[in-house]
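Q: Please take a close look at a single residue and its surroundings in this model. What does it touch, and how does that setting relate to the rest of the fold?

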Amino acid sequence: MRATGKFGRMAVTCLLAVSLAGCAGATPPVTAAQTAPAAAPASEPPAAVPVINEGDYQSWKAKFRDVAISQGIRPEIYDAALAGIEPDPSILAADSAQPEFNRPIWVYIDRIVSPDRIATGRQLIEANKELLDRIEQRYGVDRYTLVAIWGIESGFGRVMGRKSVVRSLASLSYQGRRVAYGQSQLIAALEILQHGDVTRDGLVGSWAGAMGQTQFIPVTYNRYAADFDGDGRRDVWQSTADALASTANYLKMSGWETGGRWGYEVRLPKGFDYAQADPASRKTVREWAALGVRQINGDGFGVKEQNAPAAILLPAGYRGPTFIVLNNYRMILTYNNSTSYGLAVSLLADAMRGRPGIVASWPRGDRPLSLSERIALQTRLAAKGYNPGQADGILGANTRKAVRAYQQSIGLPADGYADSDLLDRIQQ
Ligand code: CA
């Protein structure tokens, strides 16, 4: 996602609070609402909506009416949707909250890939077999991935968020740091009402506007939501068929490869150059194999995958588990651009399918850097002549590159992973 990294999709969101990956982009995620830096699909450019946020709320509402009308919203739709709607202070508070402490990725994954969630997912796969057969046939996205996303985004439809989407988005549109996001999403929400898929009272979601069982934000909904049960309405709230088909459609349109895996846990050869373990460093599976990368059990990779582009992922540095990630992993990131999220979906889907879990151990003694520590690290890197980018606490590509260069300069494995030991070292 992007726009910010903060609009995930779910209401449940809170579950997801970790994004070690840092957030990327500039467009909001597809879905919606996580609370933490998880992001949203990056592939969603904001609609071209003028931003107007001067003056008090009533004058904003009157001016934005003209904008909405210019975007094709009928006046009576706007007036009915915004009638009696006042800004919700809790929305702005949620938007401006920047957590000082992040949970480690292993805590997040343990919580998501839990025995309960695996068992519930399997039961629902069985109970919805005929529906999932048809969705797989139509979209080519496997049931395990879809049900994993469903389980993570809304607890399989149990926790979807109950806030008025119009009110949430009007609040974000009027004030705060995401007015462009809020306004483009608000126009999209009004289009949903105009289209008649749902009533204003039924248009509910997370504080960031993520809606329904798989937490679509309105712009994404308008592009990808599907009426799979054929009742004439795209009902991602009440219809599991519509919600799961919408997610499948989104993934398919993003570039999902039917039958492809997300990736594998791997082991690296001795002397592997950790600087190559970066999302931006892609080689074919064959090239990685030629460098000595193997599945964790020692096996090679499938014949069909030999020419697939892949990256090596070290979500907790060289001392933690290592993965090779393929195209479909990147497609999961278009749903929410967070390493924690991408791995959680992948591992939960594997678990429901009966594949073994992670073999290597997480460095559970490590403590992720807090926000102020991440800023301190970036400040020290800059003072030493590296270029970590803006000292904003987000450990993106520039910061990882600077960390690698610093690690190389002092003879440490250049995995780009910043932990408290590294911070201690650079502060000496
Ligand atoms: Ca429907």
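A: **Contacts of one residue**

Apart from neighbours within four places in sequence, valine 293 is in contact with Val266, Arg267, Leu268, Pro269, Phe272, Trp288, Phe301 and Ile312. These contacts are computed from a predicted model. Valine 293 belongs to the loop between α12 (285-290) and β5. Valine 293 counts as buried because its relative accessibility is 0%, the limit for that class being under 20%. One of its contacts, Phe272, is 21 residues away along the chain, and the C-alpha atoms of phenylalanine 272 and valine 293 are 8.9 Å apart.

Two of the residues that valine 293 touches, Val266 and Arg267, fall within strand β3, which spans residues 263-267. Strand β3 has pairing partners in β7 and β5. With β7 (residues 322-325), β3 runs antiparallel and is joined by 4 bridges. With β5 (residues 294-295), the pairing is again antiparallel and rests on 2 bridges. Valine 266 takes part in both pairings: threonine 322 is its bridge partner in β7, while glutamine 295 stands opposite valine 266 in β5. In a regular strand, side chains alternate between the two faces of the sheet.

These strands belong to an open sheet of 5 strands with antiparallel pairing, ordered β4-β6-β7-β3-β5. The edges are held by β4 (283-284) and β5; each has a single partner strand, so one side of each lacks a neighbour in the sheet. The loop that holds valine 293 thus leads from α12 to a strand, β5, that stands at an edge of the sheet.

Strand β3 also takes part in a pocket. The second largest pocket holds about 430 Å³ of space. Its lining comprises 22 residues, and those closest to the pocket centre are Glu265, Asp350, Pro356, Gly357 and Ile358. The elements that supply two or more residues to this lining are α4 (105-112), β3 and α14 (339-353). By class, the lining of the second largest pocket contains 13 nonpolar, 4 polar and 5 charged residues.

An α-helix has 3.6 residues a turn, so residues three or four places apart point the same way. Just after α6, glycine 140 has a positive phi of about 75°.

For the protein overall, the secondary structure amounts to 17 helices and 7 strands. Of the 428 residues, 57% are buried, valine 293 among them. Of the contacts between residues at least 6 apart in sequence, 69% join residues at least 24 apart.

How values were computed
Residues are numbered from 1 along each chain as its sequence is written. This is a predicted model: local features need pLDDT of at least 70, side-chain atom pairs count only at pLDDT 80 or more; totals for chains, interfaces and linings use all residues. Side-chain values use heavy atoms; hydrogens and water are left out. Buried means under 20% relative accessible area, exposed over 50%, partly exposed in between (1.4 Å probe, protein chains only). Two strands pair if DSSP finds at least two bridges between them. On a 1 Å grid over the protein atoms alone, a cavity is a set of points where a 1.4 Å probe fits but cannot get out, and a pocket is an open set with protein on both sides within 12 Å along at least five of seven lines; lining residues have an atom within 4 Å of a point. Grid points are joined across faces, edges and corners, and a volume is the space filled by probe spheres set on the points. Ala, Val, Leu, Ile, Met, Phe, Trp, Tyr, Cys and Pro count as nonpolar, Asp, Glu, Lys and Arg as charged, and the others, Gly among them, as polar. Contact means heavy atoms within 4.5 Å.
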